[in-house]
Amino acid sequence: MAGAANLDVTRRKRLERFIAPFRVKPGSKVVLSRDFDPAFKAGVKKKEGVALLAEGVRLLSEYQARLAAQDTWGVLVVLQALDAAGKDGTIRHVMSGVNPQGVSVHSFKVPSAEERDHDYLWRYAQRLPARGEIGIFNRSHYEEVLVVRVHPENLERQRLPPAANQGDVWKRRYREINEWEHYLTDNGFRIVKLFLNLSREEQRARFLRRIDLPDHNWKFSDADIRERARWDDYQVAFSQALSHTSTKWAPWYVIPADRKWFARVGAAAVLVHTLMQIDPRFPTVTRRQRQALREAKQALEAQAPDGAPANGHKHSRHGASADEEQRSDGSAPPRAGAKRRASEELPSAS
Ligand code: ATP
Ligand code: MG
């Protein structure tokens, strides 16, 4: 048993080493172009990356089932990026194996009139995941210090009272966002913040592809070209946001996004790592509940028609009887199988 636990720790550590280069150290000053390479791939080959992603997807599915069963923690995934960095594809691939009942995805666009009638965090608070859920924000409250900063007319439309519009609005927003996220983590909601870091040249190539392929035309808009023209302003806004809002309780991860397959592996790795830290468990059954199960089982077995087995289910995986699962201390055994499978193979940088 102790050996298995040690192995779990070893695997978690390996995953930690893999994601360490993406992590924005709380308190550090980020300059994106200097500190993070959009083409970094940690020495992983594409073929290995595809296998790692499959492994990550399987782990996510298992951990998500445990997260939902335990119903104590929720996970909020915040996905930020410039256009064509691959937000949609990352969500589609990374979440491809999880039970849709346990996941919600919300895309945040230009705020509606109703949304603008409230404080700026209001619409994001409406969309938070419940306990047991993984919620994904495709764009997020960070737009309030990114697009709103690059295009100050957005701030004017928010009709803030003079006092809220004086001094350094952005510094105040960083603090408010940090405090909001601190409150959420203190109350059981872990926040996974991913910035998909695309290079200017790769964005150009992806835009051209969207224009050249008729099936992809719908993905391209004039706005994309207008925003691209503000590339440098966005790099500054992102660098500052990453510097001021990477906290101990909700650190940022800058995921290299010039290779789509690597971005997906990186995003999956950070999310799996967070779930491993939470380490959600299937609830155990009390002595009294187990007794009730035993009685229900006896009653059901007694209802078998003539010639039918009392319990046709007996030899399947779920067929272990209440008695078999009972341990001397009256507790249910841990789901060692699930736990072990959930941490068998983790991405390593090697
Ligand atoms: P796609 O990949 O489909 O282009 P998208 O997330 O870029 O996805 P769009 O409908 O193209 O979706 O763009 C949404 C726009 O809404 C973005 O330009 C974004 O900056 C803008 N937006 C999001 N939040 C805010 C906000 N709070 N204030 C102003 N604009 C915002
Ligand atoms: Mg867009």
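Reply: Begin at a helix end. Just after H9, glycine 188 takes a positive phi of about 100°. Keep in mind that this is a predicted model.

Me: Which residues of H9 are buried?

Reply: A residue is buried if 20 or more other C-beta atoms lie within 10 Å of its own. In H9, these are Arg173, Ile177 and Glu181. Because they cover an arc of only 65° around the axis, they sit on the same side of H9. The buried residues pack against E4 and H12. Lys171, Glu179, Tyr183 and Asp186, on the other side of H9, are exposed.

Me: How many buried residues does H14 have?

Reply: Zero among its 16 residues, so H14 is hardly covered. The length check works here too: residues 287–302 should span 22 Å at 1.5 Å a residue, and the end C-alpha atoms of H14 are 23 Å apart, which agrees.

Me: What does the whole chain contain in secondary structure, and how much of it is buried?

Reply: The chain has 16 helices and five strands. Of its 350 residues, 30% are buried. For contacts with a separation of 6 or more, 85% are between residues 24 or more positions apart.

Me: Which residues have the most contacts inside the largest nonpolar core?

Reply: Val77, Leu194, Ile255 and Leu271, in a core of 60 residues. Among the elements that each supply at least two residues are helix H1 (2–19), strand E1 (74–81), strand E4 (189–197) and helix H13 (260–278). H13 gives the most, with 11 residues. Beyond its neighbours within four places in sequence, valine 77 is in contact with Ile134, Gly135, Ile136, Phe137, Val192, Leu194 and Leu271.

Me: Is aspartate 8 buried, exposed or partly exposed?

Reply: Aspartate 8, in helix H1, is partly exposed because 18 other C-beta atoms lie within 10 Å. Its C-alpha atom is separated by 9.4 Å from that of methionine 276, 268 residues apart along the chain.

Me: Which residues are closest to ligand 1?

Reply: Lys109, Val110, Glu143, Val147 and Asn154, out of 13 that surround ligand 1. By class, that shell has five nonpolar, two polar and six charged residues.

Notes
Residues are numbered from 1 along each chain as its sequence is written. Chains are lettered from A and ligands numbered from 1 in the order in which they are written. This is a predicted model: local features need pLDDT of at least 70, side-chain atom pairs count only at pLDDT 80 or more; totals for chains, interfaces and linings use all residues. A nonpolar core is a set of buried Ala, Val, Leu, Ile, Met, Phe, Trp, Tyr and Cys residues joined through C-beta atoms within 7 Å. A residue is buried if 20 or more other C-beta atoms lie within 10 Å of its own, exposed if 12 or fewer, and partly exposed in between; C-beta atoms are placed from the backbone. Helices (H or I, at least four residues) and strands (E, at least two) are DSSP runs, numbered from the N terminus. Two residues are in contact if their C-beta atoms, placed from the backbone, lie within 7 Å. A residue is near a molecule or strand if its C-beta atom, placed from the backbone, lies within 6 Å of it. Ala, Val, Leu, Ile, Met, Phe, Trp, Tyr, Cys and Pro count as nonpolar, Asp, Glu, Lys and Arg as charged, and the others, Gly among them, as polar. The expected span of a helix is 1.5 Å times one less than its number of residues. The arc is that of the directions from the helix axis to the C-beta atoms.
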